[in-house]
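Biologist: Please take one part of this model and look at it closely. Then show me how that part sits within the whole.

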Amino acid sequence: MILEASSESYPNEFGAILRAEEGIVSEILLVPGTIGGESHAIFRLYMLPIDFSVVGTVHSHPSPSPLPSPEDVEFFQRLGQVHIIAAYPYDEVSWRAWDREGKPYALEVVD
Ligand SMILES: [Zn+2]
């Protein structure tokens, strides 16, 4: 679903919040007012409900690099523990998960 949404937003970025139940990411929540720009997705954090099931974020990169930018890492540190970046062309191997420091995070896909 993330890959699909990323590819639909291309060439703009797509951004959403990850929610989990019992340690499994079960839902993605589009952030109201998310601006999908060609340079970067900007989340309006003040619009978020206070919700403790939020575990992290996801956003897409219109480039083939799934590496977090310094701005991404700064953002990661403000919200949650796991952050997914889906890079172009948004297939099974073009996404990566990162922890709040921008280090690789082992995320198992369970579907
Ligand atoms: Zn980014």
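**The loop between S6 and S7**

Modeller: Pro89 lies in the loop between S6 and S7. This is a predicted model, in which local features need pLDDT of at least 70, side-chain atom pairs count only at pLDDT 80 or more, and totals for chains, interfaces and linings use all residues. Residues are numbered from 1 along each chain as its sequence is written, and side-chain values use heavy atoms, with hydrogens and water left out.

Start with the backbone. Tyr88 and Pro89 are joined by a cis peptide bond, with omega at about 5°. Tyr90 lies in this loop too. Its phi is near 60°, a positive value in a residue other than glycine. Most residues other than glycine have a negative phi, and most peptide bonds are trans.

Two other places show such features. A cis peptide bond also links Tyr10 and Pro11, with omega about 10°. Pro11 sits in the loop between H1 and S1. Glu22 has a phi near 50°, again positive in a residue other than glycine. Glu22 belongs to the loop between S1 and S2. Glu22 is exposed (over 50% relative accessible area), at 84%.

Now the side chains. Tyr90 has 7% relative accessibility, so Tyr90 counts as buried; the limit is under 20%, partly exposed is in between, and the probe is 1.4 Å with protein chains only. Tyr88 is partly exposed, at 37%.

What do the rings do here? The whole structure holds three aromatic pairs. Rings of Phe, Tyr and Trp (its six-membered ring) pair if their centres lie within 6.5 Å; planes under 30 degrees apart count as stacked, over 60 as edge-to-face and the rest as tilted. The ring centres of Tyr10 and Tyr90 are 6.2 Å apart and the planes stand at 65°, so this pair is edge-to-face. Tyr10 lies in the loop between helix H1 (2–9) and strand S1 (15–21), while Tyr90 lies in the loop between strand S6 (82–87) and strand S7 (95–98), so the pair ties together parts that are 80 residues apart in sequence. Tyr10 is partly exposed, with 38% relative accessible area. Tyr88 also pairs edge-to-face with Tyr90, at 5.8 Å centre to centre and 85° between the planes. Tyr10, Tyr88 and Tyr90 make one aromatic cluster.

Next, the surrounding fold. The protein has two helices and seven strands. Both are DSSP runs, numbered from the N terminus: helices are H or I with at least four residues, strands are E with at least two. Along the sequence, the pattern is α-β-β-β-β-β-α-β-β. Of the 111 residues, 42% are buried. Contact means heavy atoms within 4.5 Å. Among contacts between residues at least 6 apart in sequence, 53% join residues at least 24 apart.

A nonpolar core is a set of buried Ala, Val, Leu, Ile, Met, Phe, Trp, Tyr and Cys residues joined through side-chain atoms within 4.5 Å. The largest has 15 residues, and those with the most contacts inside it are Ile2, Phe14, Leu18, Val58, Ile84, Ala86 and Trp95. H1, S1, strand S5 (54–61), S6 and S7 each supply at least two of its residues. In soluble globular proteins, nonpolar side chains tend to be buried together.

Thr57 is in strand S5. It is buried, at 0% relative accessible area. Leaving out residues up to four places away in sequence, Thr57 touches Ala16, Ile17, Leu18, Phe75, Phe76, Leu79, Val82, His83 and Ile84.

A pocket is an open set of points on a 1 Å grid over the protein atoms alone, where a 1.4 Å probe fits, with protein on both sides within 12 Å along at least five of seven lines; lining residues have an atom within 4 Å of a point. The largest pocket holds about 740 Å³; grid points are joined across faces, edges and corners, and volume is the space filled by probe spheres set on the points. It is lined by 23 residues, with Val25, Ile84, Leu107, Glu108 and Val109 nearest its centre. H1, S1, strand S2 (24–30) and S6 each give two or more residues to the lining. S2 gives the largest share, five residues.
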